[in-house]
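Here is a short report for a first look at this structure. Please keep the sequence and the 3D view at hand while reading.

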Amino acid sequence: MDLNRLTRLSEYAWRIEPVDAMRAPVIIYADEALIRAMDEKVREQAANVARLPGIVGACYAMPDAHWGYGFPIGGVAAFDAERDGVVSAGGVGFDISCGVRTLYTGLKRDEVDPLKRELADALYATVPVGVGSRGRIRLDHRQMDEMLAGGAEWAVRQGYGHPRDLERIEERGRMAGAKPEAVSPQAKERQRAEMGTLGSGNHYLEVQEVSEIYAPAVAESFGLARGDVVVTIHCGSRGLGHQIGTDFLKRMQTAATQYGIALPDRELACAPIESPVGREYLGAMRAAINCALANRQIITHLAREVFAELLPKARLDLLYDVSHNTCKVEEHLIEGRKKRVYVHRKGATRAFGPDHPELPDVFRGVGQPVLIGGSMGTASYILAGSPAGEALSFASACHGAGRAMSRHQAARTWGGREVVDELAARGIIVRSPSWRGVAEEAPGAYKDVRAVVEAADRVGLARLVAKVSPMACIKG
Amino acid sequence: MSAEISPAKPSRNTPRWEHFPHEADMGVRGYGATLEEAFAQAALALTAAICDPAGIRMTTPVEIRCEAPDRETLLVDWLNALVYEMAVRRMVFGRFDLCIDGTALRATARGEPIERERHRPAVEVKGATYTELKVFRDESGAWIAQCVVDV
C-alpha cells in the first residue's frame, strides 16, 4: 500500500481522511512492514465501506487485512439503525460465523507424543473432512429449525457435549434473535448432510502444544501452561451459511436500489437495518451463527470420542469459542454516549476486555480469550481482550494470518506431498484427502501470523498471552 | 498475471477457460464464440477449481434454469446454481449445454457423483461473487464471462 495516501497516527495506526462520499474515516492497524505489504484494494474497499449509510466511528482494518469482496477481510464497521444504518451480507461474508474453538486436553506433550500418529489417523477417520464428506447426522425439517434456533445449546440437548461447555462459547452457545423461517429451503437442503463436518480450504482441526507463554498471569487464569496439549477446531456454518450469503447478496442488490443506496461496489450490497430484507437477513444470519456453533459442538463431541478411546485420561473442556464473520448488536461508546450499534466483523474477532458484562465470570478479570488461527503447520496464538480495544476498534482484533499468495500460485510453487513430508520432518503430522488442497494451504502461502499478532498486541487491540504450535493437523 | 489455461488453442474465439488470481480465492473465466460457450467454459473453470474436469464421466444429466435482470447477474446465478447442485447432489460436472434467451438460461449439466479417491477434490466452492464480475465481447468478437469464486 502506498504510504503517501495515509496519515500515520502512531507506529501501528494509519488513517485515511473522509473524502468525497465517505461518511467516516478509515483506520488501519498494522506495523510499517505489514502495511507496505497490504494490497491497495484494502484501502479502496475500506474507503467504500465508509461511504455506507449510518456508519459510526470509523471503518477499521485489522493487521491481517486483505482484499475481500466488498468489505476487506479483516474489516470492522458499525452502523446505527437510528441514522438509517445498514446491514450488509457482504460485510459478514459467505462463511457466516466461521470461527475458532480451543479445547484443553489436560495432557502434556510427552503424554501425547507417542500416540500422535494414531491420534491423527483416528481424528481423520472420525471427523468428516474435505469435499464430498458427509456427517453422521441427518436432520428433518423440524430438527433443522430447532438447530437453527438453538445453536450449541441444541447440540448439547442432543447429547453432543455437556451443559458446562456453553458457558465458554460466545452468546453462551445460542445466538438470540435467529429466524429459521428466514433461511431459504435451499440453504437448509445444503446443510442436510453437513452437520458435524469440517469443510475444506483453510478449515482444520489441530492438536497443538502450548509452546510459549507471554503473559504468565493471564495464561494461568486461562488455564494454560507450557507443554499443555490443546485441540483447536476452525470451521463455520458450512453449506447453510454459504447459501444464506448467496441468497441475500442477491436480494440486497435489489434492496439497495429500492432504498436509494448508492453502492460503490456490487459486493457491498446492503439494506437498511430497519427494512424487511434487513431484518430477514439478521434473522437468517443469526440462524447461521447457531449452525456454526452447533457444528463446532458436534465436532468437539467427535474429538472427545477419539480421545476417550486413545487417551482416556484426557478431558476436552473448552477454553473458548469465538466467531470471526458476524454482525452483532452491541453497546459501544459513540460520540461520548453508549449506543447499541450493528457491528460487522468480517475476518475479525470480537475481543471484549476485562469487566465486559457479556463475558462469563471466569474471564471478567482478564478479558476474553481471542483465538487466532495460524495456517497449517505454523503457530497459532491466544490473546486476551484488552481495555483499550473498545476505543480502538469496537473491541475487535485480527483473526488469522491472511494469505500472502493466491491458491493458484501456491499450488504451482509446492507439491502437496512435499509439504506433508516437510512438516512430518518437523514432527507435524498432516492428514488430508487432497494433495492439491494441502499445497494451496502451504505455510509459505500465508503471511507471518506472528507479525500480525504482535501488531495487534502493540497497538492494544488484544494482549498476547500464549503461542501454540501444531503437533497434528486434520485438513480439509 | 499467471493463469492456468485449459488445454485448447489460445485463439480468442476458441472455447476455453482459465483461472485468474485473487488474493484469498480464485477467479474463473470462460471464453467462447457465443455467450453460451463462454458461460459453459466459465462453468468448466468452476469445476477445475475443485478437480480435474478430464476425469469426470458424463453419466447423469441435471437440468438447470435461471433468470436474472442482466447478463452479469445471470453468470453469478448460473455458477451459484451449479454450486448448489454440486453440494446437495454430491456431484461434479464436466459438460454443460446451454441456451440463453435474453436473460433466461436453460441448461443441462452432465457429470457424476463425486468419488473422493478418483476425483481427488481439492476445495469446495462456497459461492460465486460479484467481484471482478464481467460479461462482455472483446474487439475480436469473442465472449468473455468471469468472476471470483469464494473457496
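A:Asp140 caps the N-terminal end of H5(A). One of its side-chain oxygens lies 3.1 Å from the backbone nitrogen of A:Arg142. Polar contacts are pairs of N or O atoms within 3.5 Å; within protein, one must be able to donate a hydrogen and the other to accept it, and residues adjacent in sequence count only if both atoms are side-chain atoms.

This is a predicted model: local features need pLDDT of at least 70, side-chain atom pairs count only at pLDDT 80 or more, and totals for chains, interfaces and linings use all residues. Residues are numbered from 1 along each chain as its sequence is written, chains are lettered from A and ligands numbered from 1 in the order in which they are written, and side-chain values use heavy atoms, leaving out hydrogens and water.

## A kinked helix

H5 covers residues 141-157 of chain A, 17 residues in total. Helices (H or I, at least four residues) and strands (E, at least two) are DSSP runs, numbered from the N terminus. The end C-alpha atoms of H5(A) are only 17 Å apart, while a straight helix would reach 24 Å at 1.5 Å a residue. That expected span is 1.5 Å times one less than the number of residues.

Where does H5(A) kink? The kink is centred on A:Gly150 and is about 120°. The bend at a residue is the angle between axes fitted to the seven residues ending there and the seven starting there. After H5(A) comes A:Gly159, with a positive phi near 100°.

## What H5 buries

The buried residues of H5(A) include A:Met144, A:Leu148, A:Gly150 and A:Trp154. Buried means under 20% relative accessible area, exposed over 50%, partly exposed in between (1.4 Å probe, protein chains only). Among the elements covering them are helices H6 (163-166), H7 (185-191), H9 (238-258) and H10 (276-310) of chain A. Contact here means heavy atoms within 4.5 Å.

## Salt bridges

The whole structure has 56 salt bridges over all chains. Each is a side-chain nitrogen of Lys or Arg within 4 Å of a carboxyl oxygen of Asp or Glu. A:Arg157 and A:Glu153 are separated by about one helical turn, because they are 4 residues apart in the helix. A:Arg157 is exposed at 55%.

In chain B, B:Glu18 and B:Arg29 meet at 2.5 Å, N to O. The pair links strand E2 (residues 16-21) to strand E3 (residues 26-32). B:Glu18 is buried at 7%, and B:Arg29 is buried at 11%.
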